[in-house]
Amino acid sequence: MIDINSLLAGFHLNATIFHRSLLCNTWSTDTSGSGLASFHLVSQGQAYLYCDDINALELTAGDLVVFPHDAPHIISSSDNEKTAASIDSFIAYPMAHGSSDQTGLICGYFDFCEDKSHPLICQLPACMVIHKHQQQGALAGIVQSLIEESKLGILANEVILSRLSEVFFLNLIRKLSLDEQTSIGLFKALQDPKMNKVLHAINTDLAHPWTVNIMAEIGGYSRASFASYFKAYLELTPLEYLTRLRLSQAQKQLRAGDSVYKTALDVGYQTDVSFAKAFKRYFGYGPGSSRKSNTLA
């Protein structure tokens with residue numbers, strides 16, 4: 001059986017903290033437009049969130065907001081949407097100084113690298129709000145550590161901040177996967193013993209000559225019912241899902257320095273020619289470009 005921990009084992013994630021300060025007076029911020037996922041953590045005070053149908057949702061110390069798909073949003077000191085939208089600047093002070101009546105805000109980006117199109121990421125909602133009282137165990141401890149490290153000001157270590165951010169995201173995903181009422185299809189699939197068995201088989205042997213019939217047989221489905229259930233869970237056909245996993249893994253191997261031919265065989269293509277065509281169709285450029293960019297880096 002596959003669980004969320006084994007699914008995340010090969011997941012590529014890089015986090016960067018780009019803002020941490022105390023804000024005073026009236027202020028607003030919208031960090032969308034980078035093409036990257038972003039998050040905001042309120043370290044003290046309060047703020048209001050605006051995003052899609054969320055209007056002036058109050059955020060307090062310890063509350064966390066994640067935007068997996070770079071959704072437009074506003075986080076502001078104002079509980080009035082028009083006022084919040086009209087403010088285009090703010091005054092910020094270092095977190096190591098200031099008074100308790102100011103709002104502390106820690107902001108960062110997530111780069112999912114080759115896993116940006118992974119079904120897990122694609123199915124996450126546009127805006128995820130995790131209030132402090134919803135954070136338990138490791139997640140609560142990591143978020144608090146992130147706040148405490150940020151409060152060190154110039155003594156704070158950027159590498160530690162980045163790693164804490166990456167770990168809190170992985171813990172958050174694990175927490176969401178355990179929710180029996182989840183609306184995320186991949187998590188529903190992992191909770192279904194028959195579909196879980198299929199996903200485990202695929203993920204542990206990408207190079208296998210998979211067909212829909214073979215996948216259905218592993219799960220004990222008829223071909224038609226398997227295809228239907230799979231599409232309902234993953235929003236992809238079984239072969240589309242397989243292709244995404246194969247090519248994402250291929251990108252990782254190429255950037256690690258593997259040859260095109262070796263990579264093609266490792267992820268289930270019989271020739272480097274067929275692999276190159278599939279790779280270019282998916283990424284928009286050939287596999288050789290990935291190896292060149294890695295060499296230049």
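1. A quick definition to start: two rings of Phe, Tyr or Trp count as a pair if their centres lie within 6.5 Å. With that in hand, look at Phe11, Phe39, Phe110, Phe112, Phe168 and Phe169, which form one aromatic cluster. Keep in mind that this is a predicted model. In total, the structure holds 18 aromatic pairs.

2. How are the rings of phenylalanine 110 and phenylalanine 168 placed? Their centres are 5.7 Å apart and their planes meet at 65°; planes over 60 degrees apart count as edge-to-face, so this pair gets that label. Phenylalanine 110 belongs to strand β9 (residues 103-111) and phenylalanine 168 to helix α5, so the pair ties together parts that lie 58 residues apart in sequence. Are these two buried or exposed? Both phenylalanine 110 and phenylalanine 168 are buried.

3. Now for the nonpolar cores. The largest one has 57 residues, and the members touching the most others are Val66, Phe110, Phe168, Phe169, Met195, Ile202 and Phe226. Which helix gives the most to this core? That would be α5 (residues 158-177), with 6 residues. There is also a second, separate core of 14 residues, with Val42, Ala47, Val65 and Ala71 among them. As background, nonpolar side chains tend to be buried together in soluble globular proteins.

4. Zoom in on phenylalanine 226. If you skip its neighbours within four places in sequence, phenylalanine 226 is in contact with Met195, Val198, Val212, Met215, Ala216, Tyr221 and Pro238. You'll find another charge over a ring at tyrosine 269, where the charged end of arginine 246 sits 5.9 Å from the centre.

5. Phe275, Ala278 and Phe279 are the buried residues of α12. Why do they end up on the same side of the helix? They cover an arc of only 100° around the axis, and therefore share one side of α12.

6. One last thing to check: what follows α12? Next comes glycine 284, and its phi is positive, near 95°.

Key
Residues numbered from 1 in each chain as written. Predicted model: local features only at pLDDT ≥ 70, side-chain atom pairs only at ≥ 80, totals over all residues. Heavy atoms only, no water. Core = buried A, V, L, I, M, F, W, Y, C linked by side-chain atoms within 4.5 Å. Buried < 20%, exposed > 50% of the residue type's maximum accessible area, 1.4 Å probe, protein only. Helix = DSSP H or I, 4+ residues; strand = E, 2+ residues; numbered from the N terminus. Contact = heavy atoms within 4.5 Å. Arc of directions from axis to C-beta. Phe/Tyr/Trp six-rings, centres within 6.5 Å; stacked < 30°, edge-to-face > 60°. Lys NZ or Arg CZ within 6 Å of the ring centre and 35° of its normal.
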